[in-house]
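This briefing covers sheets, helix packing and salt bridges. Please read it alongside the sequence and the structure.

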Amino acid sequence: MTYCLGIKVKEGLVGLADTRITAGTNTTTKKKLYITQKDNYSMFIMTSGLRSVRDKAVHYFEEMINEGVTYNKLYKAVNAFGDQIKRVAEEDKASLERSGFKFNLNSIVGGQLKDDEDHKLFLLYSEGNWVELDEGSPYVIIGNSGQGKAILNRVLNEDSTMKQALKAGFLSFDSTRVSNNDVDFPIDVVLYKKNSFKMIEHRYEQKDMEQISAIWAEKLKEALDDIPEEWMDKTFDKIG
């Protein structure tokens with residue numbers, strides 16, 4: 001399973017991807033974040049699904065970029081990556097399904113190209129179609145999303161700062177990690193500030209974040225203790 005998170009706020013974009021790959025009883029670490037940038041051109045792709053499909057689609061897309069294909073708006077690049085997913089489907093879907101594997105690759109694509117008025121964030125499906133996130137939905141998760149949504153729903157909005165978004169994103173990942181053994185460190189983080197055309201990438205190991213996890217756990221316990229208890233008295237009175 002995977003945990004990839006993309007957040008869009010007015011200030012910019014925040015992306016976070018775990019690196020855990022599980023195949024049967026084997027566990028490895030592999031990057032799920034791909035970044036390409038040059039003058040007036042910055043984008044990232046995060047993926048969840050079959051690794052073989054991901055590697056092939058990204059390779060095909062990267063080859064196009066290296067051969068000089070350019071896009072002036074991010075949605076056009078998203079369409080192009082979607083076309084590469086369809087290409088892989090044509091080549092491999094039948095054989096994968098005969099072997100018992102479902103053709104599956106969901107992607108989060110974010111960035112800003114030269115003719116985009118602002119930064120963009122897209123969710124791209126295995127079929128090659130996509131949706132763009134707007135102000136009413138500041139984040140998207142692919143992979144194991146169950147435990148990580150609650151804090152994001154409560155604290156994130158378009159006016160959140162990028163630092164607030166990264167804090168919330170990490171706590172969302174941490175909640176998922178402690179509940180699932182197929183999501184884990186290291187995590188790759190990408191930051192993009194609106195109109196900067198410069199993406200920053202950083203990897204965090206578990207040792208880097210142990211203190212933050214501990215602080216969060218303690219804050220949760222303190223918050224639980226601070227919640228008034230009078231509303232429970234009538235119920236507990238019934239048990240004497």
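Buried means under 20% relative accessible area, exposed means over 50%, and partly exposed lies in between, with a 1.4 Å probe and protein chains only. Helices (H or I, at least four residues) and strands (E, at least two) are DSSP runs, numbered from the N terminus. The model is predicted: local features need pLDDT of at least 70, side-chain atom pairs count only at pLDDT 80 or more, and totals for chains, interfaces and linings use all residues. Residues are numbered from 1 along each chain as its sequence is written, and side-chain values use heavy atoms, with hydrogens and water left out.

**Strand 1 and its sheet**

- Strand 1 (residues 3-9) is covered on both faces: Tyr3, Leu5, Ile7 and Val9 are buried on one side, and Cys4, Gly6 and Lys8 are buried on the other.
- Because 7 of the 7 residues of strand 1 are buried, the strand is largely enclosed by the rest of the structure.
- In a regular strand the side chains alternate between the two faces of the sheet.
- A hairpin is formed by strand 1 and strand 2, with 2 residues between them.

- Another open sheet has 5 strands in the order 5-6-7-8-9, with antiparallel pairing.
- Strand 5 and strand 9 (130-132) are its edges, each with a single partner strand, so one side of each is left without a neighbour in the sheet.
- The twist in this sheet averages 15 degrees from one strand to the next.
- Strand 5 pairs with strand 6 (residues 41-49) in the antiparallel sense over 6 bridges, and Lys38 stands opposite Tyr41 in strand 6.
- Helix 1 (residues 51-66) packs on this sheet and touches strand 5, strand 6 and strand 7 (105-113), its direction making about 5 degrees with that of strand 5.
- Helix 2 also packs on the sheet, touching strand 6, strand 7, strand 8 (120-124) and strand 9; its direction makes about 155 degrees with that of strand 7.

**Helix 4 against helix 5**

- Helix 4 (residues 162-179) and helix 5 (residues 206-226) pack at an angle of about 90 degrees, and their axes are 11 Å apart.
- Helix 4 is therefore roughly perpendicular to helix 5, a label for angles of 65 to 115 degrees.
- Phe170, Leu171, Asp174, Ser175 and Arg177 in helix 4 meet Gln206, Met209, Ile212, Ser213 and Trp216 in helix 5, where contact means heavy atoms within 4.5 Å.
- The residues of this contact divide into 5 nonpolar, 3 polar and 2 charged; Ala, Val, Leu, Ile, Met, Phe, Trp, Tyr, Cys and Pro count as nonpolar, Asp, Glu, Lys and Arg as charged, and the others, Gly among them, as polar.

**Salt bridges**

- A salt bridge is a side-chain nitrogen of Lys or Arg within 4 Å of a carboxyl oxygen of Asp or Glu, and by this rule the count is 14.
- Lys31 forms a salt bridge with Glu201, with the closest N and O atoms 2.6 Å apart.
- Lys31 is in the loop between strand 4 (26-29) and strand 5 (33-38), and Glu201 is in strand 12 (residues 199-204), 170 residues apart.
- Lys31 is partly exposed at 34% relative accessibility, and Glu201 is partly exposed at 34%.
- Asp188 and Arg203 meet through their side chains in a salt bridge (2.6 Å, N to O).
- Since Asp188 lies in strand 11 (residues 187-193) and Arg203 in strand 12, this pair ties together parts that are 15 residues apart in sequence.
- Asp188 is buried at 1% relative accessible area, whereas Arg203 is partly exposed at 33%.
- Salt bridges that share partners join Lys56, Arg87, Glu91 and Asp92 into one network.
- Within helix 2 (residues 74-98), Arg87 and Glu91 lie 4 residues apart, about one turn of the helix, and their side chains meet in a salt bridge (3.6 Å, N to O).

Methods:
Axes fitted to C-alpha atoms, helices over the stretch in contact; angles between N-to-C directions. Parallel < 35°, antiparallel > 145°, perpendicular 65-115°, else oblique. Pairing = 2+ DSSP bridges.
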